[in-house]
Amino acid sequence: MTERERMEQGLLYLPGDPDLAREQLQRLDKLFEYNALRPGEQEKKQQLLKEMFAEIGEGCYIETPFHANFGGKKVHFGKKVYANFNLTLVDDESIYVGDCVKFGPNVVVCTAAHPILPALRRKEYQYNLPVHIASGVWIGAGAIILPGVSIGENSVIGAGSVVTRDIPPNVVAVGNPCRVMRSINENDKIYYYRDKKIDFEVE
């Protein structure tokens with residue numbers, strides 16, 4: 001079995017395999033090209049994202065610099081995803097992101113991990129687990145999403161959180177490790193921040 005086959009089956013594999021490394025470098029060249037574009041070159045950016053990503057919906061916007069192990073090869077974005085500066089996607093395995101998701105600056109989404117056993121790490125073995133982020137999620141600045149995690153629809157992940165386990169839908173979750181603080185509730189239909197009221201109708 002090749003290292004690529006081991007990687008695709010979710011087994012321990014050697015990421016330094018020449019075949020994998022060659023593809024990774026080609027994809028990183030395209031990522032470099034994306035990051036080198038001027039802010040006003042939006043048409044070129046959108047075209048490159050379509051070439052780089054496994055899937056990307058309409059209306060997505062990714063600020064530069066943007067970082068990804070395989071340049072977005074296994075990244076699936078829905079519609080109207082916004083990512084602020086320094087989004088890092090460790091896309092050795094699939095990352096699924098729904099519609100209208102917002103990433104604050106310096107967010108890291110990891111799919112790659114290394115075994116606990118030192119003897120395996122010395123040999124540079126790695127394994128990967130997919131990440132799922134449902135529609136409507138907001139991930140605050142500096143949050144870290146670890147391999148294998150799923151975040152439910154509409155939930156908010158507080159800034160600086162480290163998400164080690166699944167988060168259910170429609171909650172606010174914060175901390176390290178990230179835990180559910182509360183549900184999104186009727187009060188959120190009145191106030192957008194502490195005592196600041198929403199001054200228009202929300203459907």
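## Helix α2

Helix α2 covers residues 18-36, 19 residues in all, and its first and last C-alpha atoms are 27 Å apart, close to the 27 Å expected at 1.5 Å a residue. The model described here is predicted.

Four residues of α2 are buried: Leu20, Glu23, Leu31 and Tyr34. Viewed down the axis of α2, these buried residues fall within an arc of 80 degrees, so they line one face of the helix. The elements that cover them include α1 (3-8), α3 (42-52), β2 (61-62) and β3 (66-68). Exposed residues lie on the other side of α2, namely Pro18, Leu25, Gln26, Asp29, Phe32 and Ala36.

## Helix α3

In α3, the buried residues are Lys45, Leu48, Leu49 and Met52. They fall within an arc of 105 degrees when seen down the axis of α3, so they too line one face of their helix. An α-helix has 3.6 residues a turn, so residues three or four places apart point the same way.

The packing partners of the buried α3 residues are α2, β1, β2 and β3. Helix α3 is in turn part of what covers the buried residues of α2.

## The open sheet

An open sheet is built from 5 strands with parallel pairing, in the order β1-β4-β7-β12-β15. The edges are held by β1 (55-56) and β15 (150-151), each with a single partner strand, so one side of each has no neighbour in the sheet.

Within the sheet, β4 (residues 75-77) pairs with β7 (residues 95-97) in the parallel sense over 3 bridges. His76 has Tyr96 of β7 as its bridge partner.

## The largest nonpolar core

The largest nonpolar core holds 38 residues, and those touching the most other members are Phe66, Phe77, Phe103, Ile133 and Ile139. At least two residues of this core come from each of α2, α3, β3, β4, β6 (87-90), β7, β12 (131-133) and β18 (171-174). The most comes from α3, with 3 residues. In soluble globular proteins, nonpolar side chains tend to be buried together.

Which residues does Ile133 contact, leaving aside its neighbours within four places in sequence? The contacts of Ile133 are Tyr96, Val97, Gly98, Val101, Phe103, Val109, Ile139 and Ile151. Of these, Phe103 and Ile139 are also listed among the core residues that touch the most other members. Tyr96, the bridge partner of His76, is another contact of Ile133.

Key
Residues are numbered from 1 along each chain as its sequence is written. This is a predicted model: local features need pLDDT of at least 70, side-chain atom pairs count only at pLDDT 80 or more; totals for chains, interfaces and linings use all residues. Side-chain values use heavy atoms; hydrogens and water are left out. The expected span of a helix is 1.5 Å times one less than its number of residues. Buried means under 20% relative accessible area, exposed over 50%, partly exposed in between (1.4 Å probe, protein chains only). The arc is that of the directions from the helix axis to the C-beta atoms. Contact means heavy atoms within 4.5 Å. Two strands pair if DSSP finds at least two bridges between them. A nonpolar core is a set of buried Ala, Val, Leu, Ile, Met, Phe, Trp, Tyr and Cys residues joined through side-chain atoms within 4.5 Å.
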